[in-house]
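Here is a short briefing on one protein model. Look over the sequence and the fold first, then read the points below.

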Amino acid sequence: MTIHPGRHLSPELRQCLGQAGLPCLMTMARLRGEPSERALAAIRGIRDHLLELPDVDLSRLPSLEPEAMAAGITACDADPEWRERILRGMTLVALFDGEPSPEALELLERTARSFQVNASPVRSYRNVMQERLGMVRLDLVRRSFVRDAARATLRDGGLPMLAATLKVVSGHRDQATLERFQALQDYPSGSFGKAYADFISINQFNFPGDVGGPPVPVFRHDCCHVLGGYGTTAAEEGGVVGFQAGFEHLDPFDVVMFAMAEFELGIGASPFIPGEFGQLDPDRLFAGLEHGSHVSTDLIRDIDPWDHFADPLEEVRQRFAIPPRGRNPEYPQPSAAPIQD
């Protein structure tokens, strides 16, 4: 099943899906009694940014059995994509709600059967609940943007980039790669390349190729920070991963799960930074997904940033239909360790 975050919804379909889908999310949030603030924040993020129905009063929505959920969604549109989306939303609400529980897993399993859709989000929840952390990490590498970034780097840079990546991962400097990236500091003011170099400087990161710098494929993710206008606090990292989920040709749930594992569940999806608990901003995460849904190109998989670094940043944003974010990027305080993923 393919989820299309940028798929157009008529106002009538949006309203119908909201009235059918938001009770499903609230059913999950009420499973332990009164909904937690984290679960409600996630549902508000989905309501406000993905469904664009901020006036819906969540407290007045009913709780439903999975069969009734399926019937309500199908009455709006029989396309299974909508049931897929709502099952994924329920799974994210469950993950935001705290310690995974057998009760939530059972509800997700019954819902997947009633919806007659792919149960991969439920398997992810089960792996987290049963602390199969190695399986979670393997799935994230296999199904998230990390794989596409590595493939695109090899495609655009060939064996030299593969060799440079392996060299840096093994703790050695690749001088040619480092010098190429350092040269971006001399690019014209206002260019995409200079903005990327400034992003590295602001965050006190090392350039790719340097000891302590990220493997070369990670620079594609950092370019998404620059193009989308996202900073590097944990909340901003959730925002930029949401942004990527909006345009990548991957299941958005798998992309978002990278941020969930790293900054919400404490699993440590990235080998470069430790996992953290409860640091995501659900509103920023889902706002990022909506932001990325307008982008016309997969910025991880389908472009080589070097083809665009010399161009004005605003021109590159227009080229790929990246709208203004409407929020300034935020960075860690100077005393805090910057996040380099």
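Does H12 pass H14 in a left-handed or a right-handed crossing? The crossing is right-handed, a term used when the near helix is turned clockwise from the far one by less than a right angle. This is a predicted model, in which local features need pLDDT of at least 70 and side-chain atom pairs need 80 or more, while totals for chains, interfaces and linings use all residues. Residues are numbered from 1 along each chain as its sequence is written, and side-chain values use heavy atoms, without hydrogens or water.

**Overall make-up**
- The protein has 15 helices and zero strands. Both are DSSP runs numbered from the N terminus: helices are H or I with at least four residues, strands are E with at least two.
- Of its 341 residues, 55% count as buried. Buried means under 20% relative accessible area, exposed means over 50%, and partly exposed lies in between (1.4 Å probe, protein chains only).
- Take the contacts (heavy atoms within 4.5 Å) with a separation of 6 or more: residues 24 or more positions apart account for 73% of them.

**Where H12 meets H14**
- The axes of H12 (residues 234-247) and H14 (residues 282-292) come within 6 Å and cross at roughly 30°. Axes are lines fitted to C-alpha atoms, for helices over the stretch in contact, and angles run from 0 to 180 degrees between N-to-C directions.
- On the H12 side, the residues in contact include Ala235, Glu236 and Phe243; on the H14 side, they include Arg284, Leu285 and His291.
- The residues of this contact divide into six nonpolar, seven polar and two charged. Ala, Val, Leu, Ile, Met, Phe, Trp, Tyr, Cys and Pro count as nonpolar, Asp, Glu, Lys and Arg as charged, and the others, Gly among them, as polar.

**Glu236**
- Glu236 sits in helix H12. It counts as buried because its relative accessibility is 0%.
- Its side chain reaches the backbone nitrogen of Gly231 at 2.8 Å.

**Positive phi**
- Most residues other than glycine have a negative phi.
- Gln204 is not a glycine, yet has a positive phi of about 55°. Gln204 lies in the loop between H10 (192-202) and H11 (218-228), and is exposed at 61% relative accessibility.
- Ala321 also has a positive phi of about 55°. Ala321 lies in the segment after H15 (313-319), and is partly exposed at 35%.

How values were computed: A polar contact is a pair of N or O atoms within 3.5 Å; within protein, one must be able to donate a hydrogen and the other to accept it, and residues adjacent in sequence count only if both atoms are side-chain atoms.
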